[in-house]
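I set out to record what could be looked up in this structure. The entries below are kept in the order in which I worked.

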Amino acid sequence: MTLTDLRYLIALAHERHFGRAAEKCHVSQPTLSVAIKKVEDELGVQLFERSATEVKITSTGQRIVAQAEKVLMEAAQIPEIAAAGKDPLSGPLRLGVIYTIAPYLLPRLIPRVHKLAPRMPLIIHENYTTRLLEALKRGELDVIVLSLPFDEAGIVAQPVYDEPFRVLMPATHPWTALAHIDPEKLADDQLLLLGAGNCFRDQVLEVCPHCRNVSGLQRTLEGSSLETIRHMVATGLGVTVLPSTAADDLPTQNALVAVRPFSDPEPSRRVALAWRVTYPRSGAIDVLRTAILESDLPGVRPIGRVAPLELA
């Protein structure tokens, strides 16, 4: 049994489909199928139940896949430890960022990281929180930027900043006469939301509990991204809630929209860096945190101060 075999097991367990798992592993489907069958024969136990329409993992398979993830995570530490022993700021840093942060953070972050650590290029991956955490645990990512809360064994999180929410509306909307918006008012209008499964959608619904009602959700329209929703608001279709990094600069860029803060207590999200507790390149984490705090993101409230770095 090889580490490659373990990667195939994990991919099939997550995808529940031989074709998608093979594509994810960049191999042919027969190659992956033969490897899975080889592991099952070697162990003398069935790990997956196969049918014409689906693949199910057995209870024993779940335990073995969980152990395989631990093995791969530990194996990934070997080159990382070697790299840290040379120069933690030399070599690529594999960075994951959730969809609702990446478009607004990365343009400001990348130049600052390059200035602080020019020999540490960023390999960037955008995805949902759950998928980024899975990749982090498997050792496919080094550090991720996400919104709290989350609870994962073996992962440490360091809060970086608090980001308030804003209401985005058409420039001709009656609410533009208000200095602040009460969260309950969101249920009175056409509220545009991200699709189900996005953590920011859940946070918006926490801001306005009345929007959870079936009648309210039936009147919402789901957009594929915050950028798409911003454009729909500009057409006059409805209102939405955005993080300050996505909203505060909009009125100067687009005369068709207006932004208003919420009434106190202002709803917000806490953004953090997360990495494996065993990850050895602590200097790279320090550079990333400093670069984020120096990015001058609109509306955010930094947690902690920017400490001067001693760079090699």
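The entries that follow cover the annotated domain, the pockets, the cavity, the nonpolar cores and some backbone details.

**Entry 1. Model and annotation**

I note at the start that this is a predicted model. I looked up the UniProt record, an unreviewed entry, and found that it places the feature "domain: HTH lysR-type" at residues 1-58. I then examined that stretch in the model.

**Entry 2. Largest pocket**

I looked next at the pockets. The largest pocket has a volume of about 480 Å³. It is lined by 23 residues, and those closest to its centre are R7, R94, R138, G139 and E140. I checked which elements give two or more residues to this lining, and they are α1 (3-15), α2 (18-25) and α4 (59-86). Of the elements, α4 gives the most to the lining of the largest pocket, with 6 residues. I sorted the lining by class and recorded 11 nonpolar, 4 polar and 8 charged residues.

**Entry 3. Second largest pocket**

I recorded a volume of about 370 Å³ for the second largest pocket. Its lining has 22 residues, and T129, N198, C199, D202 and Q203 are the closest to its centre. Two or more residues of this lining come from each of α6 (129-137), α7 (199-207) and β11 (268-276). I noted that α7 provides the largest share, 4 residues. By class, I found 8 nonpolar, 9 polar and 5 charged residues in the lining of the second largest pocket.

**Entry 4. Cavity**

How many cavities of 30 Å³ or more does a search of the whole structure find? I recorded 1 such cavity. The largest cavity holds about 50 Å³ of space. Its lining consists of L192, L193, L194, F200, R201, V204, L226, I229, T240 and V241. I assigned these to elements and found that β7 (191-194), α7, α9 (226-234) and β9 (239-243) each supply at least two residues. The lining of the largest cavity has 8 nonpolar, 1 polar and 1 charged residues.

**Entry 5. Nonpolar cores**

The largest nonpolar core has 40 residues, of which L109, V145, L273, L288 and I292 touch the most other members. I listed the elements that give two or more residues to this core: β3 (93-98), α5 (102-116), α6, β5 (143-147), β6 (155-170), β11 and α12 (282-293). Among the elements, α12 gives the most to this core, with 7 residues.

I followed one of these residues further. With neighbours within four places in sequence left aside, I292 is in contact with L105, L109, V145, V160, Y161 and L273. I also noted a second, separate core of 34 residues, which includes L194, C208, V239 and V259.

**Entry 6. V156**

I looked up V156 and located it in strand β6. Is V156 buried, partly exposed or exposed? I recorded V156 as partly exposed because its relative accessible area is 30%, and this class runs between 20% and 50%. Residues up to four places away in sequence not counted, V156 touches L273, A274, W275 and V277. I also took one distance: V156 and A272 are 116 residues apart in sequence, and their C-alpha atoms are 9.8 Å apart in space.

**Entry 7. Cis peptide bonds**

I checked the backbone for cis peptide bonds. The bond from L148 to P149 is cis, with omega near 5°, and P149 sits in the loop between β5 and β6. The bond from D264 to P265 is also cis, with omega near 0°. I placed P265 in the loop between β10 (257-261) and β11.

**Entry 8. Positive phi angles**

I looked for positive phi angles at residues other than glycine. R16 is not a glycine, yet its phi is positive, at about 55°. I found R16 in the loop between α1 and α2, and R16 counts as partly exposed because its relative accessibility is 38%.

D296, again not a glycine, has a positive phi of about 55°. I located D296 in the loop between α12 and β12 (301-302).

Definitions and conventions:
Residues numbered from 1 in each chain as written. Predicted model: local features only at pLDDT ≥ 70, side-chain atom pairs only at ≥ 80, totals over all residues. Heavy atoms only, no water. UniProt positions renumbered as here; feature names shortened; annotations may be inferred. 1 Å grid on protein atoms, 1.4 Å probe; cavity = no way out; pocket = protein on both sides within 12 Å on 5 of 7 lines; lining within 4 Å. Points joined across faces, edges and corners; volume = space filled by probe spheres on them. Nonpolar A, V, L, I, M, F, W, Y, C, P; charged D, E, K, R; others polar. Core = buried A, V, L, I, M, F, W, Y, C linked by side-chain atoms within 4.5 Å. Buried < 20%, exposed > 50% of the residue type's maximum accessible area, 1.4 Å probe, protein only. Contact = heavy atoms within 4.5 Å.
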